[in-house]
Amino acid sequence: MSPKGRHTKAKARIRAYEELLGSEGEKRARDLEIYIPPGPRLGKVVIECDGLSKAYGDKLLFENLSFALPPGGIVGVIGPNGAGKTTLFRLITGQEQPDNGSIRLGETVKLAYVDQSRDSLDPESTIWEAISEGYEVIKLGNREINSRAYVGRFNFSGSEQQKKVGLMSGGQRNRVHLARMLKAGANVLLLDEPTNDLDVNTLRALEEALENFAGCAVVISHDRWFLDRIATHILAFEGDSRVVWFDGNYSEYEADRKARLGAEADRPHRIKYRHLTR
């Protein structure tokens, strides 16, 4: 695909940002199964990384990583486990600091990120209480919605909503975190494997919600089909401490990777790191 063709989705999404913030977005919201309320209007600067490097011991996860997330952009973050994807999220949220380089967040940015290793849920609460905080009606942006109906949209049936949090499976916990985060009124979402343990209907509803979200999202996922549908850009952790920023969706990135690497692109290999030289 030509570079001109590749940029079409990204440009259309970014152009639509103003529509999604306005009355057109409100109209679309009424038809969505899952609605993500918009946060404050984003300025020109969203997230900018410049020359970012991070190592653990002498193992270099990545170096000289630079990119700028445009307003309205949706970035798919891909790569093998252990490559540094979640570490990047922790750098963006300030939970960790880079070894070199800088991260700049725009003045109007309001982040929503649930770090599942830190977010504490009361084991004695019910699933409904954990998501609704006990309110029968919750506010999503300018809309009000019955909280039990909202919880039900994440595939929790009426009886299941009364299940204690302490008895939840890992998949149920992921869905609770997702439901809590998406109602926060943020304008930049950091989603770490949001598609894990979702049924097909909830997955499609999430996809549609992100496409109609008046903001930005950075999404770590191994679901190539999902990223093909939603991503305007790809951030690929390719191994050997290298990260590639690509303007396009997953299929377009893959075509570019094969053109760059040739036969090596199809050869399976374990992730490798460069050693840090001081």
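Why does Ser147 count as buried? In this predicted model, Ser147 has a relative accessibility of 0%, and a residue counts as buried when that value is under 20%, so Ser147 falls within the buried class. The residue is found in helix α6, which covers residues 147-152. When residues up to four places away in sequence are set aside, Ser147 touches Trp128, Ser132, Tyr135, Glu136, Val137 and Ile138.

The mean pLDDT of the chain is 85, and 84% of the residues reach a value of 70 or more. Over residues 1-5, by contrast, pLDDT stays under 50. For these residues the model has 2 contacts beyond four places in sequence.

The overall architecture of the chain comprises 10 helices and 12 strands. Of the 278 residues in the chain, 50% are buried. The chain exposes about 13,600 Å², and carbon and sulfur atoms supply 46% of this area. Contacts were also considered according to separation along the sequence. Among those between residues at least 6 apart, 67% join residues that are at least 24 apart.

Several residues of α10 are buried, namely Tyr250, Glu252, Tyr253, Glu254 and Arg257. The N-terminal end of α10 is capped by Asn249: a side-chain oxygen of Asn249 lies 3.3 Å from the backbone nitrogen of Ser251. Just after the helix, Gly262 adopts a positive phi of about 65°.

Cysteine residues were then considered. A disulfide is a covalent bond between the sulfur atoms of two cysteines. A search of the whole structure finds 0 disulfides. Cys49 counts as buried because its relative accessibility is 4%, under the 20% cut-off. Cys216 likewise counts as buried, because its relative accessibility is 0%.

Terms used
Residues are numbered from 1 along each chain as its sequence is written. This is a predicted model: local features need pLDDT of at least 70, side-chain atom pairs count only at pLDDT 80 or more; totals for chains, interfaces and linings use all residues. Side-chain values use heavy atoms; hydrogens and water are left out. Helices (H or I, at least four residues) and strands (E, at least two) are DSSP runs, numbered from the N terminus. Buried means under 20% relative accessible area, exposed over 50%, partly exposed in between (1.4 Å probe, protein chains only). Contact means heavy atoms within 4.5 Å. Accessible areas come from the Shrake-Rupley method with a 1.4 Å probe; for residues, only the protein chains shown count as cover. A disulfide is a pair of cysteine sulfur atoms within 2.5 Å. A polar contact is a pair of N or O atoms within 3.5 Å; within protein, one must be able to donate a hydrogen and the other to accept it, and residues adjacent in sequence count only if both atoms are side-chain atoms. pLDDT is the predictor's confidence in each residue, from 0 to 100.
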